[in-house]
Amino acid sequence: MDEAFKFIGKNAFPNIGERIPTFEETKLINLVQDKDFTNSAGKKQKAIPMQNNLLPHYEAYYIPLYHALISTDSRSPKYQLRNAGLSPAALNARVPPLNRQSDVMWSLYKSLAPFPADLRFIARDSIINDDTRGIMNDIFLSLPARAPLVWPGVSFAIDTDEAKALLATPNGLATAYILADRVGVLGTRRLSVRIWTSYPDAWNEGYRMLWDMEPAAVGPRPSGPPSLMLPAFEPISLTERGLKGRVEMEMTGVAGPVET
């Protein structure tokens, strides 16, 4: 993501300049669902079993200087249970109340940022979701090079078909929900997306996505979502359980649809 950080520093925050953040300027956050919990119906549930040596988790870098969240690894409770063969009808009863990635990422940012309304950039690193990569491949094939592009890749404003398709992918929905559910805090934003790969001429490897949520206006916050017609959800909370190089938090809150 070094190229993206240099781009953000040069174009969005001239006082930072074209450089990457230092180790001291970043915080690695890892939320792990490893405890028994009470589901949204009030029934106690055992912790979700490990699968392939992995527990459900969300890992991201929080970089306050760049007003950015970089999601590096995520494995939702529903994804874990679907892979274990649980039927769709049984999923909701077996997941913790807080399971949507957008709620998790926003809670992270809100708990750490002095001014949460300043969140501007959300990036997805090392994308492995097949649906997302399929859309990205279709876009790459539609370009003159007909191949994945290294940085600076290609960017699209939200009024293009490409950006709308990317926003609807499992790796784009978190951005959509963050904006729609927190419009009272974040206000109206001009949305654009940039996609690229770290490895030239290699399909489905090192795919990355960067959303720029540039504030569209200064003034009173609007009372409702201006354009993203997505359902609103109740506030959620996190209880910090420890801080040892990375933060692990217990997930509590109100259930909602899962982006993946």
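Predicted model: local features only at pLDDT ≥ 70, side-chain atom pairs only at ≥ 80, totals over all residues.
Searching the whole structure turns up 10 salt bridges. As background, side chains of opposite charge can pair when their charged atoms come close.

Have a look at Asp 212 and Arg 120. They form a salt bridge, and the closest N and O atoms are 2.7 Å apart. Asp 212 sits in strand S9 while Arg 120 sits in the loop between H4 and S6, so this pair ties together parts that are 92 residues apart in sequence. How accessible are the two ends? Asp 212 counts as buried at 15% relative accessibility, and Arg 120 counts as buried at 15% as well. The cut-off for buried is under 20%, so Asp 212 makes it at 15%.

Strand S9 has another one for us. Glu 214 and Arg 190 meet through their side chains in a salt bridge, 3.2 Å from N to O. Glu 214 is in strand S9 and Arg 190 in strand S8, 24 residues apart, and the pair links distant parts of the chain. Here Glu 214 counts as partly exposed at 31% relative accessibility, and Arg 190 is partly exposed with a relative accessible area of 43%.

Then there's a network: salt bridges link Arg 100, Asp 103, Asp 181 and Arg 182.

How many of its nine residues are buried? Eight of the nine are, so H7 is largely enclosed by the rest of the structure.

In soluble globular proteins, nonpolar side chains tend to be buried together. In our model, the largest nonpolar core has 30 residues, and those with the most contacts inside it are Leu 119, Met 136, Leu 166, Val 193, Ile 195 and Met 209. Two or more residues each come from helices H4 (101-112), H5 (130-142), H6 (161-167) and H7 (173-181), and from strands S7 (154-157), S8 (189-197) and S9 (207-215). Apart from that core lies another one of 15 residues, among them Met 1, Phe 13, Ile 63 and Ile 70.

Setting aside neighbours within four places in sequence, Leu 119 is in contact with His 67, Ala 68, Leu 69, Trp 106, Tyr 109, Ile 178, Leu 186, Arg 189 and Met 213.

Arg 133 is buried, with a relative accessible area of 15%. Who does its side chain talk to? There's a polar contact with the side chain of Asp 130, at 3.3 Å. Not counting residues up to four places away in sequence, Arg 133 touches Ile 127, Ile 128, Asn 204 and Tyr 207.

Over in strand S5 (residues 68-75) we find Thr 72. Its side chain and that of Glu 59 are joined by a polar contact of 3.0 Å. Beyond four places in sequence, the contacts of Thr 72 are Glu 59, Ala 60, Tyr 61 and Asp 125.

Glu 59 and Ala 60 show up again in my last item, the lining of the largest cavity. The count is one cavity of 30 Å³ or more, and the largest has a volume of about 30 Å³. Besides those two, its lining has Tyr 58, Ser 71, Asp 73, Ser 74, Gln 101, Val 104, Met 105 and Leu 108. Strand S4 (57-63), S5 and H4 each give two or more residues to that lining. Which element gives the most? That would be H4, with four residues.

Conventions:
Residues numbered from 1 in each chain as written. Heavy atoms only, no water. Core = buried A, V, L, I, M, F, W, Y, C linked by side-chain atoms within 4.5 Å. Buried < 20%, exposed > 50% of the residue type's maximum accessible area, 1.4 Å probe, protein only. Contact = heavy atoms within 4.5 Å. Polar contact = N/O pair within 3.5 Å; in protein donor to acceptor, adjacent residues only side chain to side chain. Salt bridge = Lys/Arg side-chain N within 4 Å of Asp/Glu carboxyl O. 1 Å grid on protein atoms, 1.4 Å probe; cavity = no way out; pocket = protein on both sides within 12 Å on 5 of 7 lines; lining within 4 Å. Points joined across faces, edges and corners; volume = space filled by probe spheres on them.
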